[in-house]
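Reader: Please walk me through the features of this model, one at a time. Give me the rule, then the case.

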Amino acid sequence: MNVVLTHAYYLYEDDKEQKIMRPYAPLGLLYISSYLNKNKIENHVYDSTFYSFQEQLEFIEEKKPKAIAIYTNLMTKINVIKLIKKLKTNTKLRGLKIILGGPDVTYNCENYLKAGADFLVIGEGEQTTLELCSAIFNNKSYNTIQGIAFLLDEKVIKTAPRVKIKDLTDLPLPNREAIPVYKYLQTWKKHHGQSSMTVSTQRGCPYTCKWCSTAVYGQSYRRRSASLVAQELKLLKNRYQPDSIWFVDDVFTVSHKWIKSFHEEVIKQDAIIPFECITRAERLTDEVLQLLKEAGCSRIWIGAESGSQKIVDAMDRRVDINVVKAAIQKTNALGVETGTFIMVGYPGEEEEDIYETVRYLKAANPTHFTITVAYPIKGTSLYNEIEKNITIQPDWKTTTDRDIDFKRTYSRKYYDYAVKYVVNEVNSAKGNTFLSYSKLKLKSIAAQIGMRLYK
């Protein structure tokens, strides 16, 4: 008996991602796979990223699993539901138990179960998936397994929450041998000139940003030892020779003690690989910046979300926007690239806040910035705040949380133009030639006109 671990992301169906071409391996599934291997549960990973829906179905039919565990999130939900429907009606897979896990299941239990899932894994997946598969394989009761949900007489039953793994050193390294790593490396190399892989050093986040989901790892902070992380980097360096590493942690420099240890270990173990990470501005001292640079850091993403202190406070970010600006400037001065994240359309945001954001970005001058219109993820404080003001609540099965809209200061169309305004106005200040400056400035003016029309 075996279980297939898979997801429902297909790169070649994603027109937007095909322009970006920065795919990363499904690290969560690979952690579960290695944990099942450690406990002698036969499992097969099908990483659908570079394959088609039909190829995925053929793989599942060939393996004839007793159970299939599918990772789902708000971006892949629609494909996951399509996959469930197909599996449920496949006569070659009679008796197959469908398990779902990932951040989107925690606050959508009834929807996913009524869409055809037999079980949901809520929270961390390793121990729960192991216990659930063992119960399914041996026809034993699953009622006392922590961290699952299922239907009983059309009612959603949730068992006691899974206690989080205290010591992450209990987890074996992710089972990267189960997927075609070379396809990721080749894709990055072809489109960006250098390859990239992901590494996780911590789980959970102790901060309280209202828009952020903590549905899987919770508001916690648990971390692998710096020595083990350096060992993993050394292994990747020897086996795959990636040009860079993306640390997927929420706040990489949350512990300065850990950063010092990490710095020592990567040098001692000859494990330095250029890397980028995300962190908070107030956790970047001059000493930490220097340690990061010496450990191979090539880019730091420093969260801001807005240039308006009023909006940063409304998000419960608990950071001074001037501290963020100074951190970006100091990092730039050290020769390390910077990135930051911006959202517009947050509740209470007014036009002056958007202009403040533009002034902030021009002064901070990050190497890169991304921008989006704020959207509420179910289960977050932001969602709870705006729930009574939702204006568009589309059909759950065919849309994602990104499609939910709520009453904002201005119309949704206004914020679409605001995104264009911020991008072109900030980039015009970076224009290297008069021609590029003029083009971007004209686009900025056009976007401002759009904002006025839809205000």
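Author: Salt bridges come to 31 in a search of the whole structure. The model is predicted: local features need pLDDT of at least 70, side-chain atom pairs count only at pLDDT 80 or more, and totals for chains, interfaces and linings use all residues. Residues are numbered from 1 along each chain as its sequence is written, and side-chain values use heavy atoms, with hydrogens and water left out.

Reader: What is a salt bridge here?

Author: Side chains of opposite charge can pair when their charged atoms come close. The rule asks for a side-chain nitrogen of Lys or Arg within 4 Å of a carboxyl oxygen of Asp or Glu. Take Glu 62 and Lys 63: their closest N and O atoms are 3.9 Å apart.

Reader: Is Glu 62 buried or exposed?

Author: Start with the scale. Buried means under 20% relative accessible area, exposed over 50%, and partly exposed in between (1.4 Å probe, protein chains only). Glu 62 has 56% relative accessibility, so Glu 62 counts as exposed. Lys 63 is partly exposed at 25%.

Reader: What separates Glu 425 and Lys 441 in the sequence?

Author: Their side chains form a salt bridge of 2.8 Å, N to O. Glu 425 lies in helix H15 (residues 412–428) and Lys 441 in helix H16 (residues 434–453), so the pair ties together parts that are 16 residues apart in sequence. Glu 425 is buried at 6% relative accessibility, while Lys 441 is partly exposed at 25%. Salt bridges that share partners also build a network, here from Glu 124, Glu 126, Arg 203 and Arg 222.

Reader: Which residues make the nonpolar surface patch?

Author: Patches are made of residues with over 30% relative accessible area and no salt bridge; like charges are joined within 9 Å, nonpolar side chains (Val, Leu, Ile, Met, Phe, Trp, Tyr) within 5 Å. Areas come from the Shrake-Rupley method with a 1.4 Å probe; for residues, only the protein chains shown count as cover. Leu 442, Ile 445, Ile 449, Leu 453 and Tyr 454 make a patch of about 510 Å². Among them, Ile 445 lies in helix H16 and is partly exposed at 40%.

Reader: How many aromatic pairs are there?

Author: Rings of Phe, Tyr and Trp (its six-membered ring) pair if their centres lie within 6.5 Å; planes under 30 degrees apart count as stacked, over 60 as edge-to-face and the rest as tilted. By this rule there are 23 aromatic pairs. The rings of Tyr 46 and Tyr 51 have centres 5.6 Å apart and planes at 45°, so this pair is tilted. Tyr 46 is buried at 9%; Tyr 51 is partly exposed at 26%.

Reader: How are the rings of Phe 50 and Tyr 184 arranged, by centres and planes?

Author: Their centres are 4.8 Å apart and their planes at 80°, so the pair is edge-to-face. Distant parts of the chain are linked, 134 residues apart: Phe 50 sits in the loop between strand E2 (43–46) and helix H3 (53–63), Tyr 184 in helix H7 (residues 181–192). Phe 50 is buried at 10%, and Tyr 184 is buried at 4%. Elsewhere, Phe 247, Phe 252, Trp 258, Phe 262 and Phe 275 form one aromatic cluster.

Reader: What is the strand order in the open sheet?

Author: Two strands pair if DSSP finds at least two bridges between them. The open sheet of 6 strands has the order E8-E11-E12-E13-E14-E15, with parallel pairing. Strand E8 (196–199) and strand E15 (368–373) are the edge strands, each pairing on one side only. E8 runs parallel to strand E11 (residues 244–247), joined by 4 bridges. There, Met 197 stands opposite Ile 245.

Reader: Which strands pair with E1?

Author: E1 runs parallel to E2, with 4 bridges, and pairs with strand E3 (residues 67–71) in the parallel sense, over 4 bridges. Val 3 stands opposite Asn 43 in E2. Leu 5 has Ala 69 in E3 as bridge partner. From strand E1 (residues 3–6), Val 3 and Leu 5 point one way and Val 4 and Thr 6 the other way, and all are buried.

Technical notes: Helix = DSSP H or I, 4+ residues; strand = E, 2+ residues; numbered from the N terminus.
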